[in-house]
Amino acid sequence: MELIDIDEIDSITRSTVWASVYSQSCASCHGIQLEGVTGPALKGSNFGVLANAQMMTADMLLDVIAGTMPESDPGTLKTEEYNAVTSYILQQNGYPAGATPFARDAPSVKGARITP
Ligand code: HEC
């Protein structure tokens, strides 16, 4: 499993921020456990199928989310919130936090294949 660098702030603050962005903007359609409701699951084997079919990388996931989500209001979150929520989804899929901030062009993010 590849290590995705995510953030500099301490892990407790980090997971609180991630989880609150997700629960406010995404959970209504993707489920509080990322299990999928009207939107697809973002965790586990169903998400794995989707990610593998698209040969998804961490920066692609960020672009899809920032470009098309929340489906009801695309593009309305701040860049940091899109970074945070993408980090959260990766963390929920078992990718550990790294030492540097999650950012689109970070070497550990750009082109890093996700295999949930
Ligand atoms: C109003 C409901 C709704 C909300 C809110 C919402 N989504 Fe979605 N999402 C969907 C639906 C429906 C799909 C499947 C159709 C599509 O891909 O557009 C989807 C698809 C996705 C996908 C898969 C795209 C792919 O590669 O096929 C991701 C990742 C995703 N959403 C993440 C998020 C995140 C993160 C948020 C919060 C910032 C969010 N969504 C908020 C409804 C929603």
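Helix H4 (residues 58-68) has Ala58, Leu62 and Ile65 as its buried residues, where buried denotes 20 or more other C-beta atoms within 10 Å of the residue's own, exposed 12 or fewer, and partly exposed the range in between, with C-beta atoms placed from the backbone. Because these residues cover an arc of only 70 degrees around the axis, they lie on the same side of H4; the arc is taken from the directions from the helix axis to the C-beta atoms. Gly67 and Thr68 are exposed on the other side of H4. The model is predicted, with pLDDT of at least 70 required for local features and 80 or more for side-chain atom pairs, while totals for chains, interfaces and linings use all residues. Residues are numbered from 1 along each chain as its sequence is written. Helices are DSSP runs of H or I with at least four residues, numbered from the N terminus.

The buried residues of H4 pack against helix H5 (79-92), contact being defined by backbone-placed C-beta atoms within 7 Å.

Around the ligand are 21 residues, of which Cys26, Cys29, Gly39, Met69 and Pro70 come nearest; a residue is near if its C-beta atom, placed from the backbone, lies within 6 Å. H4 provides the largest share of this shell, four residues.

How values were computed
Helices (H or I, at least four residues) and strands (E, at least two) are DSSP runs, numbered from the N terminus. Two residues are in contact if their C-beta atoms, placed from the backbone, lie within 7 Å.
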